[in-house]
Amino acid sequence: QLVESGGGLVQAGGSLRLSCATSGRTFSRTAMGWFRQAPGKEREFVAAISWSGASTFYADSVKGRFTISRDNAKNTAYLQMNSLKPEDTAVYYCAAGVVTGNRAAQYDSWGQGTQVTVSS
C-alpha cells in the first residue's frame, strides 16, 4: 500500500514536500517513482530513485527544481518541489516497482494521488 501526503495550494515560486509512505513490501528493495497527471493530459514521469538511493532520475521539466529522496528506515519516499510553477499543477502519484524507470508500466503499485495546485 502507498499513501501520499503533502499536497496543497501554493503560490508560484513556493515549495512543497510530498511524502509517500509504503507498507506491505520490502521497501529497501523497492524502486520508487513519482508521476503526475494534469487535467486533460496523460500521466507523465516526474522522478525516480533506485532502491538504495544511489541513482535518481528526473524529467527535464523538473530537473534542478525537484529532488527525490527516500528514508528506508521509515519506508517513505519524498519529493521536494521548489520554485513551483503553475504548469506543475497536477495530481501527483507515487509508485513502487522492482526496477527504476521512467515508464508507468515499470511500476506495480500506485498511491491514490495528492493534488498540487500552483497559483500564478
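What is the handedness of the disulfide of C20 and C94? The torsion about its S-S bond is about 55 degrees, so the disulfide is right-handed.

This is a predicted model, in which local features need pLDDT of at least 70, side-chain atom pairs count only at pLDDT 80 or more, and totals for chains, interfaces and linings use all residues. Residues are numbered from 1 along each chain as its sequence is written, and side-chain values use heavy atoms, with hydrogens and water left out.

**View 1. The disulfide of C20 and C94.** The structure holds one disulfide (a pair of cysteine sulfur atoms within 2.5 Å), with an S to S distance of 2.0 Å. C20 lies in strand β3 and C94 in strand β9, so the pair ties together parts that are 74 residues apart in sequence. Strands are DSSP runs (E, at least two residues), numbered from the N terminus. C20 is buried, at 0% relative accessible area, and C94 is buried at 0% as well; buried means under 20% relative accessible area with a 1.4 Å probe, protein chains only.

**View 2. An open sheet of four strands.** The order is β1-β3-β8-β7, with antiparallel pairing; two strands pair if DSSP finds at least two bridges between them. β1 (2–5) and β7 are the edge strands. Six bridges join β3 to β8, and L18 has L79 in β8 as its bridge partner.

**View 3. The largest nonpolar core.** Such a core is a set of buried Ala, Val, Leu, Ile, Met, Phe, Trp, Tyr and Cys residues joined through side-chain atoms within 4.5 Å. Among its 31 residues, M32, W34, V46, F66, L79, M81 and Y92 touch the most other members. Elements giving two or more residues include β4 (31–37) and β9 (90–97).

Notes. Buried < 20%, exposed > 50% of the residue type's maximum accessible area, 1.4 Å probe, protein only.
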